[in-house]
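Trainee: I'd like a close look at one part of this model, please. Take me through it slowly, and then show me how it sits among the rest.

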Amino acid sequence: MGCSRPQAMSESLESPWQQTSLLPLVAPPKASADQLLILDTETTGLDPEVDQVLEVGAILFSVPQRAVLAQLSFLLPVEANAAEPLNGISAGATQAPQPWQPSLQLLQQFASNAQLAVAHNAAFDRQWFGHGALPDLPLPWLCTMEDIHWPADRLLRPRPSVRDLALAYGVPVWAAHRALTDCIYLAQVFERCDQLEQLIAEGREPRHLYRAQVSYDERHLAREAGFRWNDPVHGAWSRRLSERQLEALKLPFNVVPVAS
């Protein structure tokens, strides 16, 4: 079976759906986030300027009820998927007839009922909205990998993987690298999290970029504390932290703020 896109599908990809903005449907931000839009994407590569999203997973989650209100998963048609060995999604599967355009509309409705977008490694997922088929998403974002300081009794590393996070909360891990699966993991973690409101509020506190003052022989200390080499500060170990996070980490080395 060839990878060429049928003519009808080519025409659909040029439809106004690609230029739709979520802005008119999204309510003004609230101080509290009672409903979360949990998101994950699968893509053909790492660069939103040249690669494409081929799958979106989304869950509308109620924080007060600790409950999934609605969930959605759909493929977007692509010509080729260089990341197929990783995510297991063939280009042919994305081209099979399915209602991806109405699914985008439903995603808009999810967004209109949420006050906060949530993702694991949100910096990656966020950059795809406003490119290609995905419209802009004018919601504040929370990253469950970077922004939330998970309780110490869960014995998680700084910047845990979504699977380590799920296992720490007793959530069975049965698959990886499909968008809705990772959303379900996060939703089930939230269901089990007694202090979720506090973690979200603290996770939304302002963050500052800090550079670790470590020698070459001490670089493992920075790595173990979740600092990254060359990202985003070239030639340094750095990490964005709130003042609360910085105090809680009790770092065994000094840090200096980096001007943004």
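Is Trp-141 buried or exposed?

Mentor: Buried: Trp-141 has a relative accessible area of 12%, and the cut-off for buried is under 20%. Keep in mind that this is a predicted model, so treat every number here as computed from that prediction.

A search of the whole structure turns up seven aromatic pairs. In one of them, the ring centres of Phe-129 and Trp-141 are 5.9 Å apart and the planes make an angle of 55°, so this pair counts as tilted. Trp-141 belongs to strand S5 (141-143), while Phe-129 is in the loop between helix H5 (122-126) and that strand; twelve residues separate the two, and the pair links distant parts of the chain. Phe-129 counts as buried too, at 9% relative accessibility.

Trp-174 and Tyr-185 sit edge-to-face, with 4.9 Å from centre to centre and 75° between the planes. Trp-174 is in the loop between helix H6 (162-168) and helix H7 (179-191), and Tyr-185 is in helix H7 itself, so the pair ties together parts that lie eleven residues apart in sequence.

The charged end of Arg-154 sits over the ring of Tyr-169, 3.9 Å from the ring centre. Arg-219 does likewise with Tyr-216, its charged end sitting over that ring at 3.9 Å from the centre.

Next, the strands. Strand S2 (residues 53-62) has ten of its ten residues buried, so the rest of the structure largely encloses it. On one side, nine bridges tie S2 to strand S1 (residues 35-43), and the two run antiparallel. Within that pairing, Leu-39 has Ala-58 of S2 as its bridge partner, and Ile-38 stands opposite Ile-59 of S2. S2 is also joined to strand S3 (residues 67-75), by eight bridges and again antiparallel, with Gly-57 opposite Ser-73 in S3. The hairpin of S2 and S3 has four residues between the strands, and Arg-66 takes a positive phi near 50° there.

S1 is mostly covered as well, with eight of its nine residues buried. S1 has a parallel pairing too: three bridges join it to strand S4 (residues 116-119), where Ala-117 is the bridge partner of Leu-37.

There's also an open sheet of four strands, ordered S7-S8-S6-S9 and paired antiparallel. S7 (228-229) and S9 (254-257) are the edge strands; each has a single partner, so one side of each has no neighbour in the sheet. S9 is joined to strand S6 (residues 208-213) by four bridges in an antiparallel run, and Arg-211 finds its bridge partner in Val-256 of S9.

Stepping back, the protein chain has ten helices and nine strands. Of its 260 residues, 46% are buried. Among contacts with a separation of 6 or more, 66% are between residues 24 or more positions apart. The chain exposes about 13,000 Å², and carbon and sulfur atoms supply 52% of that.

Note on methods: Residues are numbered from 1 along each chain as its sequence is written. This is a predicted model: local features need pLDDT of at least 70, side-chain atom pairs count only at pLDDT 80 or more; totals for chains, interfaces and linings use all residues. Side-chain values use heavy atoms; hydrogens and water are left out. Two strands pair if DSSP finds at least two bridges between them. Buried means under 20% relative accessible area, exposed over 50%, partly exposed in between (1.4 Å probe, protein chains only). Contact means heavy atoms within 4.5 Å. Accessible areas come from the Shrake-Rupley method with a 1.4 Å probe; for residues, only the protein chains shown count as cover. Rings of Phe, Tyr and Trp (its six-membered ring) pair if their centres lie within 6.5 Å; planes under 30 degrees apart count as stacked, over 60 as edge-to-face and the rest as tilted. A charge sits over a ring if NZ of Lys or CZ of Arg is within 6 Å of the ring centre and within 35 degrees of the ring normal.
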